[in-house]
Amino acid sequence: LSGALAQSSHAMLYAFGSLHWQSIGIPDPVIGLLWAVGVVAEIALFAVSNRAVRLCGPIGLLLAGAGAGMLRWTATAFTADLAILLALQVMHGLTFGAAHLGAMHFIARAVARPWSATAQVLYSAASGGVGLGLGLLVAGQLYERFGFLSMLAMALVSTLALAGFAWLGLRWRGRVMGPT
């Protein structure tokens, strides 16, 4: 559930980011650059993923992703400054990348091997399917009513994900949980 929340917090940006940026006068090539910066940041994190996992552990990565989401979505709601937007797009390496990397390593460590493929499928369906799909439905309703201030709702979703990851961190002792 927390993984789905962390990933669905991107719904508003995915659905309305380009439209919003166009509406505040950012040219299309620069909008393309904003998207590219996010992807490059994600790739950069994955390039050093072994080191990141060693330093932070799965729960640390999950917490970093959700915590970065709280900051990224709050700031995104209020800025039209291109330099700030670029910096916020770099945070995609955390909001998407760290959360996904943390989830994959958590599953690898916390789920018994016979169940790991099922757990990965459930995570993928919940985070990229159901969670993001519901997030997009909600995003459309919020954007129609509140415009890009709706990013604050995405910050709230990240806050809920952070709380769930913190709870998980308190319960998990670094070993397999559930049936083996």
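1. Ile 84 is partly exposed in this predicted model. Its relative accessible area is 41%, and a residue counts as buried only under 20% and as exposed only over 50%. The residue belongs to helix α5.

2. Helix α5 runs over residues 82-90, and its buried residues are Leu 85, Leu 88 and Gln 89. An α-helix has 3.6 residues a turn, so residues three or four places apart point the same way.

3. Which helices are included in what covers the buried residues of α5? Among the covering elements are α2 (11-23) and α3 (28-47). Helices α4 (49-78) and α6 (92-110) also take part in the cover.

4. The start of α5 has a contact that a reader can look up in the structure. There, Asp 81 places a side-chain oxygen within 3.0 Å of the backbone nitrogen of Ala 83.

5. Ser 127 sits in helix α7, which spans residues 113-146. Is Ser 127 buried or exposed? With a relative accessible area of 6%, Ser 127 is buried, because the cut-off for buried is under 20%. Leaving aside residues up to four places away in sequence, Ser 127 touches Gly 3, Ala 4, Gln 7 and Leu 132.

6. Ser 150 is found in a loop, the one between α7 and α8 (151-171). Ser 150 counts as buried, with 3% relative accessibility. A polar atom of the Ser 150 side chain lies 2.8 Å from the backbone oxygen of Gly 147. Ser 150 also touches Met 12, Leu 142 and Tyr 143, again not counting residues up to four places away in sequence.

7. The UniProt record, an unreviewed entry, lists residues 30-48, 55-76, 82-108, 120-140 and 146-170 under "transmembrane region". Two of these listed spans can be set beside the model. Residues 55-76 are 100% helix and 0% strand, with end C-alpha atoms 28 Å apart. Residues 146-170 are 84% helix and 0% strand, and the C-alpha atoms at the ends of this span lie 36 Å apart.

How values were computed: Residues numbered from 1 in each chain as written. Predicted model: local features only at pLDDT ≥ 70, side-chain atom pairs only at ≥ 80, totals over all residues. Heavy atoms only, no water. Buried < 20%, exposed > 50% of the residue type's maximum accessible area, 1.4 Å probe, protein only. Helix = DSSP H or I, 4+ residues; strand = E, 2+ residues; numbered from the N terminus. Contact = heavy atoms within 4.5 Å. Polar contact = N/O pair within 3.5 Å; in protein donor to acceptor, adjacent residues only side chain to side chain. UniProt positions renumbered as here; feature names shortened; annotations may be inferred.
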